Amino acid sequence: MTISTRLRTARGLLSAFAATSVTHLGAIAAGASVLQNATKPALVPLLAGYVAARAERAPKLLLPALAFSTGGDVLLQFDQQAAFLAGMGSFAAAHVCYVTMFVKMGALEDRRRTVILALAYAAAWAVMISQLWPGLGELKIPVAVYSLLLASTAVTSAGLGWRAGLGGGLFLLSDTLIATELADWKALPGHGVWIMATYVLAQFLLADGTLRATTAPVSAPLTAPLAATGR
């Protein structure tokens, strides 16, 4: 495949990802569960296709991270606790891939920044868990462990630049919104839309930030900024 063909394919897949994301969010807002369930499993695979088409040598763990995320998206569509836990496990594997990949790419080289971010996210994690803990029931330990992985992704992604760092932060926000539902907190207006909007944008920023970081030094500034409850 020539470079021009590959780039055209990448643009087409990115457009399809954006269109599917908008359709999915609209389906959530409209309460169209059939369309919502049909579009959700296609979101991350389209993003993975964009990654594969855009980069000849994407980091080896990026596509597995997206594959595990797809598995989590599918499993969390089933309204059963076993499926929810399996979906959480699939997302946990995705975060292990992300964290491992970011560390291998040198995300922790700036130790001062890493320590500051780690302390900030640790404080946020402690506050979040302390507030959610009473309402989590049997999910206390799984949510606590999983949220630590989320925070690790947020900390390490920031080492690749603002795009990936913002993606890691949005991923944490998205899953925190899911956790508030598990703890029976009062839902925000458009709660499901906010969950998926932050999630979709997070996955895009993590993937795009990673691809950009493969062609620029980790310490170099990245320029030019570029869319139902339960995932």
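Arg-212 is partly exposed, with a relative accessible area of 23%, where partly exposed denotes values between buried, under 20%, and exposed, over 50%, calculated with a 1.4 Å probe on protein chains only. This is a predicted model, in which local features need pLDDT of at least 70 and side-chain atom pairs count only at pLDDT 80 or more, while totals for chains, interfaces and linings use all residues. Residues are numbered from 1 along each chain as its sequence is written, and side-chain values use heavy atoms, with hydrogens and water left out.

The side chain of Arg-212 forms a salt bridge with that of Asp-208 at 2.8 Å, N to O, the term meaning a side-chain nitrogen of Lys or Arg within 4 Å of a carboxyl oxygen of Asp or Glu. Because the two residues are 4 apart in helix α8, about one helical turn separates Arg-212 from Asp-208; helices (H or I, at least four residues) are DSSP runs numbered from the N terminus.

Asp-208 also meets Arg-54 in a salt bridge of 2.5 Å, N to O. Since Arg-54 lies in helix α2 (residues 33-54) and Asp-208 in helix α8 (residues 191-213), this pair ties together parts that are 154 residues apart in sequence. Arg-54 is partly exposed, at a relative accessible area of 24%, whereas Asp-208 is buried, at 1%.

A further salt bridge, at 3.5 Å, N to O, joins Asp-208 to Arg-163, which lies in helix α7 (residues 162-182), so that parts 45 residues apart in sequence are tied together. Both Asp-208 and Arg-163 are buried.

By this rule the count comes to 3 salt bridges, and through shared partners Arg-54, Arg-163, Asp-208 and Arg-212 are joined into one network.
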